[in-house]
Amino acid sequence: MATVAEPLDLGAMVPRPFSVARRKRETSDTWTLELEPVEGEPLDVAPGQFTMLYAFGIGEVPISVSGAAGGPLVHTVRDVGAVTSAICSSRPGTVLGVRGPFGNAWPVEPATGADVVIVAGGIGLAPLRPAAYHVLANRDAYGEVAVLYGSRTPADLLYARELERWRSRFDLQVDVTVDRALDGWRGKVGVVPKLIASARFDPDNAVAMVVGPEIMMRFVGEALLESGIPADRVYVSMERNMRCGLGHCGHCQLGPTLICRDGPVYRWDEIQPLMEVREL
Amino acid sequence: MRTIDTLIHDAPIFQGMSQEALELVSGCASNVRFGDGEMLFREGDEAHVFYVVRHGRVALDMFVPARGPVTIETVDPGEVIGWSWLFPPYRWHFDAKALGLVRATKFDAACLRQKCEADTAFGYDLMGRFAQVMIERLQWTRLRLLDLYGNGR
């Protein structure tokens, strides 16, 4: 006998209008937008979740939330195509569509009492920033906290002023590296995985959260394991071509998992085997 | 105050080395200090030493015409600078500049090469350690060749 599928929750497919309240240029191609609902309640977002941002008439893209939970809806967007270009050029007052929030969250609550190692590459710092905000807002609840960040050049560093402020804190390790630099840069030049060896944390009681290009996450994952952190305490956030955000369309399928529904945050021991399958 | 023997014993590259081998290494070592902006060596110079950084940061630069010096790597405490001393023509392939005060242990290449030839087991051990450093740097360089954070345009 044929079964009848459950009706879709169309509410989650309809974008809510949000107005751009503020827009800030981060780098030559990356902007941070603060959005407020045109009407109704603000979104309740957990660190690590994403929304589907809709530039009306152009298209929709998944973008991680980069602001603090409980605050305004903040997205950091890199201009890499027609839709993100339209979103990045949205001036205050522009109305964008928002669906979500979707996906699971960083394990900031289970990590209570542990050391926290946050490793980001490029725009990967954006989805990790809400986790960092949570940890810093509840600083006494965690042990050592390290933020390790790599970007292409000094000019490509996201949230440069905020990183400086974080660096001046005595209860936080911030280590930054770039792939290349011209004369005048006095920071590190090299790859992110190299930063792990000099970070202070107890591998037996640490939780790591990682976002960056997949190849970077592979190397960082290996370096974290080499440092002694068990694979089930290393978390990464995966990026795929998400469309519906609800696990219906299958665009973001990675083997047996749908990233929009089951992720985007995964434990290293769960996701690493899938990252090795070339056909995926 | 820490002696040079202790400093060498604690340097990651020499970790696990036998006491006899450490003594051979330390016989070729001396402590040095560089002020901010001072050059440890320049591209094309004879590579007659290598360093282990103890304090501060060293930039490895290459001069690119019309762009000036481009930093290709920085070296921090515990890390090694230089393997050009190992193989002919024993010339540096880049500049090394102190970014701020740098304290390092300097190793005389001719002295070490001589000891490697006289004691091949020691030479094999030392080569293996440098090969490890070279492999690591090569891997990181390959990773950077991918231009990971580029936007693909």
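Reply: The questions below concern a predicted model, and each answer sets a value against its definition.

Me: Why is B:His93 called exposed?

Reply: B:His93 has 12 C-beta neighbours inside 10 Å. A residue counts as exposed if 12 or fewer other C-beta atoms lie within that distance of its own. The value meets this cut-off, and therefore B:His93 counts as exposed. B:His93 is found in the loop between strand S5 (80-81) and strand S6 (95-108) of chain B.

Me: Which residues does B:His93 touch, leaving aside those up to four places away in sequence?

Reply: They are B:Glu43 and B:Ser84. Contact requires C-beta atoms within 7 Å. B:Gly44 stands 49 residues from B:His93 in sequence, with 6.2 Å between their C-alpha atoms.

Me: What makes S10(A) and strand S4 of chain B a pair?

Reply: The definition asks for at least two bridges between two strands. S10(A) and S4 (residues 68-75) of chain B have two bridges, in the antiparallel sense, so they pair. On the S4(B) side, B:Val70 is the bridge partner of A:Leu182.

Me: How many residues are in contact between chain A and chain B, and which elements of chain A contribute?

Reply: The contact joins 25 residues of chain A to 18 residues of chain B. On chain A, strand S10 (181-182), strand S11 (188-189) and helix H5 (214-227) each supply at least two residues of the side touching chain B. H5(A) gives the largest share, three residues. This side of chain A comprises 10 nonpolar, five polar and 10 charged residues.

How values were computed
Residues numbered from 1 in each chain as written. Chains lettered and ligands numbered in written order. Predicted model: local features only at pLDDT ≥ 70, side-chain atom pairs only at ≥ 80, totals over all residues. Helix = DSSP H or I, 4+ residues; strand = E, 2+ residues; numbered from the N terminus. Buried ≥ 20, exposed ≤ 12 C-beta atoms within 10 Å, placed from the backbone. Contact = placed C-beta atoms within 7 Å. Nonpolar A, V, L, I, M, F, W, Y, C, P; charged D, E, K, R; others polar.
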